[in-house]
Amino acid sequence: MKTLYLLRMFYRELRRQRKRISLTIFALAWGTFSIVILLAFGEGLNRQMKIANQGLGTGIVIVSGGQTSIPYKGLGKGRQILLRKEDVELLKNKVPGIKYISPEGDRYANTLTLGRKSFTERVIGVSPSFEEMRTYYPQRGSRFINPVDLQNKRRVVFLGTEIARRLFENEKPVGKTIMINAIPFLVIGVMQDKIQNSMYNGPDVDKAAIPYSTYQTIYGDEYIQRFIYMPEDIARTSAIKDAVYKALAAKHKFDPKDSQALRTWDTIEDEELFDKIFLGIQIFMGIIGGLTLIVAGVGVTNIMYVSAKKRTKEIGIKMALGAKKRYVLFQFVSEALMIALIGGAVGILLSFLTVGLFKALPLEGDVADLMAHPVISADIMFLTAMILGVIGFLAGLFPARKAASLRPVEALRYE
Amino acid sequence: MNDEENGMIRLNEISKVYGTGEVKVEALKWIDLEIKKNEFIGLIGPSGSGKSTLMNIMGCLDTPSSGEYYFEDINVESFNHNKLAEIRNERIGFVFQNFNLLPYATAFENVELPMLFMGVKTKTRKERTMKLLDKVGLAKRARHKPNELSGGEMQRVAIARSLANNPSLILADEPTGNLDTQSGDEILAIFQDLWYQGHTIVVITHNPNISGRAQRVVKLKDGSIENNGA
């Protein structure tokens with residue numbers, strides 16, 4: 001009976017004080033929303049950057065020839081080191097712990113033709129393991145270069161996403177024949193779209209890959225531009241790098257201590273650096289989130305505090321009419337809880353709607369790739385709503401408790 | 001009937017001091033006053049004479065600095081917060097100069113409030129609320145909010161509210177202070193009716209007509225009783 005009448009009074013006053021209550025709910029919802037959205041976009045950016053970082057491939061080492069800077073065994077410095085296909089075979093046999101290795105021949109200004117359409121693009125000659133190392137993943141219903149292609153020097157081509165789009169537009173490329181420098185090639189696969197924030201000689205989506213054997217046959221190149229390998233165990237990268245350097249130094253007769261003889265790009269080192277940057281971003285976001293939470297908390301506190309203060313007279317009237325302290329407190333507590341609950345829920349709902357909207361928008365371009373993929377963190381969302389709720393609750397409770405502890409005459413005097 | 005059973009209020013050497021330290025204001029000094037059941041007391045005196053302070057103490061809205069206050073022969077000092085709330089709820093009805101109605105609630109809801117605090121069943125409560133509003137001539141105004149009512153009407157709502165739990169004592173602090181002469185007279189007439197019906201009534205007022213209506217006029221001056229009218 002008692003609880004029932006308390007609930008009835010509560011409901012009645014909720015209806016009466018819509019403006020104040022909706023204001024508080026708005027403050028709570030907005031606070032929750034700002035933090036959740038801020039962190040969602042931050043986390044989205046973080047993830048997209050990580051994905052973009054993986055565009056080049058992770059855990060790989062890219063090696064190309066350089067110039068000697070130290071005279072060695074009677075050979076002067078400034079000698080150019082040119083890599084060959086045989087070097088790759090040598091390393092395969094001599095250096096243990098290499099999981100994949102692939103040569104890469106690389107030519108620009110090739111004419112790719114389909115019907116009347118013709119473009120000038122870069123063509124690379126590679127091995128099947130290139131797929132895994134450099135994330136040349138095929139779209140559904142297509143494939144990358146396989147060992148049989150390589151062995152038989154097949155004239156097959158794997159197209160970068162962008163080339164395929166420009167050549168074929170809405171048609172399906174797989175199974176069609178295109179001309180590369182007037183030589184017919186069968187399209188066997190198209191790359192899955194990818195974002196890539198580190199690259200050499202342009203993004204992968206603008207390249208066409210053919211088997212290295214075919215490449216060599218057509219272009220007759222004696223040298224390869226570079227080779228790429230992936231250690232089995234990332235922890236052993238540095239040892240393997242040394243072994244590779246030494247093996248090639250012996251072969252090409254340069255000082256193994258000559259750091260200029262070969263140019264080595266170790267993406268594993270890069271990744272460690274990037275991890276630090278990501279951590280930095282996360283700390284930054286955490287600080288901003290925390291500050292926003294404080295700002296939102298101050299807003300909620302203000303509204304709750306002022307409204308509880310403003311109602312001191314009302315509390316006085318009720319106490320004069322015989323309301324007990326627990327009734328006054330129950331009223332404030334249940335009101336604050338209700339407001340916190342609704343405010344949090346509205347904030348969460350708004351966040352989901354906004355994130356959903358962003359994902360549904362057909363945004364394109366480099367910036368959209370990085371920015372338009374917000375990721376909501378459920379933990380942060382509920383934590384934020386809860387913290388704001390508790391702050392608002394306490395901010396309302398204390399003045400109410402104080403008012404309810406006054407002698408009624410004091411509360412009545414409050415204007 | 002002996003005096004013990006007949007006593008409504010007994011004040012023994014009640015004092016009230018406001019402020020602490022150097023600046024002290026003695027609002028009430030050694031007040032001795034006895035009010036019997038079914039008395040109609042007019043409490044008069046110039047501003048600052050301690051009338052409201054006295055009424056607040058009698059209504060258990062405030063506590064005296066010293067002295068003893070017996071309400072229906074029980075020393076109020078022994079009551080806790082909740083017990084005092086109960087006394088105010090069930091035994092005392094208040095009418096204030098500035099009405100003290102809840103602004104967001106209708107006349108009906110305002111009158112209903114003390115019964116809600118007491119836990120009166122819905123049906124009884126609704127019936128009684130309408131009856132009380134009818135009694136003060138505002139049955140038709142039940143759904144109106146205070147800002148839609150005139151001063152006289154608001155005060156009548158407040159009177160209906162003070163009667164909600166049929167209290168033995170009705171305390172009115174300047175009930176006519178914010179009203180024009182005619183409305184004021186109407187309000188005083190209602191108090192007189194209530195007195196006839198058996199309520200004990202204490203009215204603080206400046207209204208000179210009170211002396212004609214009240215049974216006894218108590219005059220305060222500078223926190224002391226100048227004339228207890230007995």
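**A helix pair and its surroundings**

Modeller: Helix α2 (residues 18-54) of chain A packs against helix α13 (residues 378-405) of chain A at an angle of about 150 degrees, and their axes are 9 Å apart. This makes α2(A) roughly antiparallel to α13(A) (under 35 degrees counts as roughly parallel, over 145 as roughly antiparallel, 65 to 115 as roughly perpendicular and the rest as oblique). The model is predicted, and local features need pLDDT of at least 70, side-chain atom pairs count only at pLDDT 80 or more, and totals for chains, interfaces and linings use all residues. Residues are numbered from 1 along each chain as its sequence is written, while chains are lettered from A and ligands numbered from 1 in the order in which they are written.

Axes here are lines fitted to C-alpha atoms, for helices over the stretch in contact, with angles from 0 to 180 degrees between N-to-C directions. Helices (H or I, at least four residues) and strands (E, at least two) are DSSP runs, numbered from the N terminus. On the α2(A) side, the contact is made by T24(A), L28(A), G31(A), T32(A), I35(A), V36(A) and L39(A). The α13(A) side supplies I380(A), M381(A), T384(A), A385(A), L388(A), G389(A) and G392(A). Two residues are in contact if their C-beta atoms, placed from the backbone, lie within 7 Å. By class, this contact has eight nonpolar, six polar and no charged residues. Ala, Val, Leu, Ile, Met, Phe, Trp, Tyr, Cys and Pro count as nonpolar, Asp, Glu, Lys and Arg as charged, and the others, Gly among them, as polar.

The axes of α3(A) and α8(A) come within 10 Å and cross at roughly 130 degrees. That makes α3(A) oblique to α8(A). This crossing is right-handed. D87(A), L90(A), L91(A) and K94(A) of α3(A) meet V244(A), A247(A), L248(A) and K251(A) of α8(A). The classes there are five nonpolar, no polar and three charged residues.

Helix α3 of chain A spans residues 85-94, and its buried residues are D87(A), V88(A) and L91(A) (buried: 20 or more other C-beta atoms within 10 Å of its own; exposed: 12 or fewer; partly exposed: in between; C-beta atoms placed from the backbone). Their arc around the axis is only 100 degrees, so they sit on the same side of α3(A) (the arc is that of the directions from the helix axis to the C-beta atoms). An α-helix has 3.6 residues a turn, so residues three or four places apart point the same way. On the other side of α3(A), E86(A), E89(A), K92(A) and N93(A) are exposed. The cover over the buried residues of α3(A) includes β2 (83-84), β3 (98-114), β10 (226-231) and α8 (237-252) of chain A.

Two loop residues of chain A have a positive phi. E169(A), which is not a glycine, has a phi of about 50 degrees and lies in the loop between α6 (161-168) and β6 (177-180) of chain A. E169(A) counts as exposed because it has 10 C-beta neighbours inside 10 Å. N201(A), also not a glycine, has a positive phi of about 55 degrees and lies in the loop between β7 (183-190) and β8 (207-211) of chain A. With 14 other C-beta atoms within 10 Å, N201(A) is partly exposed.

For chain A as a whole, the secondary structure comes to 14 helices and eleven strands. Of its 415 residues, 37% count as buried. Among contacts in chain A with a separation of 6 or more, 80% are between residues 24 or more positions apart.

Chain A also touches chain B, with 20 residues from chain A and 22 residues from chain B in the contact. On the chain A side, α1 (2-16), α10 (312-320), α11 (325-360) and α14 (408-413) each supply at least two residues. That side has twelve nonpolar, two polar and six charged residues.

Chain B itself has eight helices and ten strands, and buried residues make up 47% of its 230 residues.

How values were computed:
A crossing is left-handed if the near helix is turned anticlockwise from the far one by less than a right angle, and right-handed if clockwise.
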